[in-house]
Amino acid sequence: MDQLLINPNYPHILSTLIFLPLAGALLLLFVQNEYFARYWALGISALTAILSLPLVSAFDTTSAKFQFAEQYNWVDSLNIQYVIGVDGISILLVMLTTLIMPLCILASWSYIKTRVQAFMICLLIMETAMLGVFMALDFVLFYILWEAMLIPMYLLIGIWGGPRKIYASIKFFLYTLAGSIMLLVGIIWLYKTNNYSFFIPDMMWQNYSLTAQVYLFLAFFLAFAIKVPMFPFHTWLPAAHVEAPTAGSVILASVLLKMGTYGFLRFALPITPAATTLLMPYVLWLSIAGIIYGGFTALAQQDMKKLIAYSSVGHMGFVTLGIFVLNLEGIEGAILQMINHGITTGALFLCVGMIYERTHSRELRSATGVGKYMPIYVTFLAFFSLSSFGFPGTNSFVGEFMILAGTFKHSTTLALAAIPGAVLAAAYMLRMLQKIIWGGTDNPDQSWLNDLNMREIITLCPFLFFVFWIGLGPQPFIDLMHISIVNLLDQFHAHQGQAVAAAELILH
Amino acid sequence: MDITTVSSVKLLIALLVPLIGTLGVMFMGKNENIREGISSIASIVLFLLVASMIPTVLSGKTLIFHMFSILPGVTVTLRADGMSMIFALVASSLWTIAVFYSMGYMRAHHEHAQTRFNACFALAIFGAIGVAFSDNLFTLYLFYEIVSICTYPLVAHHQDAEGYNGARKYIVYLTTTAKAFLLPALILIYVLTGTLDFAPNISTGIFPPDVNKSLVIMLYIFCLFGFAKNGVMPFHHWLPGAMVAPTPVSALLHAVAVVKVGVFCTTRVMLYVFGVDTMHALNLGIPTAYFVGFTVIMASVLALSKNNLKERLAYSTISQLSYIIMGVALLTPAGIDGGLIHIVNHAFSKITLFFCAGAIYIAAHKKDISDMGGLGKTMPFTFGAFAVASLSMIGAPPVAGFITKWNLLVGSIQAHQIGILLILIASTMLNVGYFAPVTIKAFFGKRPEGETYQGIKEAPLSMLIPILIACTISVLLGIFPNFMMQFVKVVTG
């Protein structure tokens, strides 16, 4: 297992990150105190965030291997192992998850008033599952955590959600579950084909037959495209976002959606390179469809959460576009854009949540003209909105720029087809911003609104910090992923050639 | 870094001064004297900083300040060269004058939200200075977009239906063109050349010789339309729409800062990204000159039909902006000289005209030209300044505009383009046609029925003095053209 790199200074850092939130959640089961629950959850998630920092400082940017690896036998009879590790593809997502969780808890401080302990338990279990998904290198471990995530998320929407919470939570659950059934079939096939091993790195870069690859790719595609979500598999997303509590929306947008695109990079490209090459054009045009569709639909929304949800469809379309142009700029841009979307859209959902806490409405109409009374709030909102439509100097611009540069290298037509998406993004974000800050001549009376309090400002500041850090100095972030992507593409091109040649041999 | 570039933190300070001014204005908004004091101090400091760069730039050196590295070949870097100085000097010097003027205007008119107004005004200047000092396309685009966003609150200032409509049109035109044309152009240029830095001189451009020609032509067209602040038809509608803003905004931004950002970017890209040689090789220059020639004539014709003084000035601006692009597009030495120097000449003359329009509105509450008959006798200084600035627009000696016209005419002859020559002559006639009646009506026309002009006198001194200063500079630029021309010569070599 030479794909693993064990770091002797931090032998158990990843397991600590995975199990600390879970342990925290278990303890909360025995405590019946709301105040304690809030502080405890905040403390645990903050501790996890701090403990995750050495991942970045001790990460070897010259190696494409899975670092900080840990490996234990788990179910010997089925050869299931507990193997975890991070590489350039997953490290940023792990960091995003650990850093965003304390902020989600801060954002729920006064928003959640009922069953606070249960809510915090759900959030902490979520964190364990999410981190596990990004770290797992055993396919069964991955699949268990992938499915395990559904339950706390289902509860977050179903218990603390809005008026149509049951509909939304069931829709979310069924969509994601349906997608992953085929994934399980694929996993079992891979297990059989690979000498009864679930070890993911060993499944990569094997020359499976083209037919098998196409079936596998379709299984992966269904699971991951629903998760991203790609057009036309997106309909669960607006429903879930609208009904979810703020923290749920933030986790959903910032982390959960990334699992789909992460899945493409981790599994679809290395395990089915020939099928990826074959089906790439369809995925690319589906991404374009998502970008344009998301943009137009967002433009028509009156509900702020729906607007941001549809904008996510567009933004994630850019991410899949970047992944499937299959060049360095595209994929690096896509990973960066995954992080950017997590930061910016997460922050936008927080902003909408802050308005909702005050007015108890997500309608754009009822939030018009608050600029005069909440200047601090609209300043934050303005920066995040600008970031969302890729204003130069902010994080999303860098991601979009790299993705489009990669796309232009692949095909000028394709890249030009994505440009209307960028125009639409500016249109719907500026429309929302204009309405919230200025409104029109018939604004409702907003003079009773209070501006942000210190807790809310502290929640938003880290997001703003990253908006500008990635916007003006993205190089450290790109360095983290660079070697892994270079390695991924090298291998991909080597095996894509072999597989396609083999396929042609069979066909003739 | 070669010997002709000098790293200088002065550029950063100059950029930050308007930004600090903005913050000062925001936090001192309660006391209007302190607030306006901060604005004027910031404007003067900025002007002095820019002026202090003059000797270095004139000695043929370029000031550089590196700020951020985004990607290899994409940085945020500031530079001051001949071309930057032309625009930076104009923007910073006119800001000092405009601060006093707008103080007078806003107070006399009891406008609301003056703190926001002053803050956004300073932010717009921050953007304009950033554009002037951009060292590459990314920095240029960054500040270009900052100007778009920060001027929205100024256009929507009155917050009535008319204001919102004008502002919506404004932001839709500017951001849509930027996203639809500039963004893909920027990325494609990066993909083709691996960099977004400007070329060191105006001849070579940054494209490698073996590049796909039709792609470069497409990029050129994208850039021409992408910088829609340049007012080139058919993307000019935002400008008349933006005239709903208070007059100081129209004056400084829609006659100087914003539109000049547009033409500055356009010409900067024509000269320093595509380069004279590439433009010659792909035959881009002369078609561009004729294309914007249409805007020159058409906008003048439209100006003739406007009775609202500010609208007439707006269409005149559209026409005059295209002079600048036309001159540069001729690609002859005199043409480029004439185009670039018009950035300066038009700025001082047009701000005078807008200042006058504002003064007339404050003193007499008149917006329409047809209501101004005989008003010149009541407001002789204002209308006198208006007359002088009109002469500059027409291109009559000894006022600044003459220098432009002369160079453009020489340039069109150098390029052997009789058509351009005819366009210039026709547009001069049209200029006379829509400017002369205003002055003639004011001084020699009859008062409208029942109008006595009782109680009307010249606008307050805080408005009148800026008018006279801007007007005087317009004349001085015509008599001593070499002061600004030496920066143009640094560009053209």
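**Stop 1: Leu326 of chain A**

Select Leu326(A), which sits in the loop between α13 (304-324) and α14 (328-359) of chain A. You are looking at a predicted model. Check the backbone here: phi of Leu326(A) is near 60 degrees. That value is positive, and the residue is not a glycine. Most residues other than glycine have a negative phi.

**Stop 2: Asn79 of chain A**

Stay in chain A and go to Asn79(A). Find it in the loop between β1 (67-75) and β2 (80-86) of chain A. Asn79(A) is a residue other than glycine with a positive phi, near 60 degrees.

How many other C-beta atoms lie within 10 Å of Asn79(A)? There are 16, so Asn79(A) is partly exposed. A buried residue would need 20 or more, and an exposed one 12 or fewer.

**Stop 3: the two domains of chain A**

Now zoom out to chain A. Colour residues 1-148 as domain 1. The C-alpha centres of the two domains of chain A are 23 Å apart.

Next, look at where they touch. On one side, 29 residues of domain 1 of chain A take part; on the other, 33 residues of domain 2 of chain A.

Select α3 (91-107) and α4 (116-135) of chain A. These are the elements that give two or more residues to the side of domain 1 that touches domain 2. Which of them gives the most? It is α3(A), with 10 residues.

Colour that side of domain 1 of chain A by residue type. You will find 20 nonpolar residues, eight polar and one charged.

**Stop 4: two cis prolines in chain B**

Move to chain B and select Met233(B) and Pro234(B). A cis peptide bond joins them, with omega about 10 degrees. Pro234(B) belongs to the loop between α8 (213-226) and α9 (238-241) of chain B.

Then select Pro397(B) and Pro398(B). Here, too, the link is a cis peptide bond, and omega is about 5 degrees. Where does Pro398(B) lie? Look in the loop between α15 (380-394) and α16 (401-414) of chain B.

Note on methods: Residues numbered from 1 in each chain as written. Chains lettered and ligands numbered in written order. Predicted model: local features only at pLDDT ≥ 70, side-chain atom pairs only at ≥ 80, totals over all residues. Domains from an automatic or database assignment. Contact = placed C-beta atoms within 7 Å. Helix = DSSP H or I, 4+ residues; strand = E, 2+ residues; numbered from the N terminus. Nonpolar A, V, L, I, M, F, W, Y, C, P; charged D, E, K, R; others polar.
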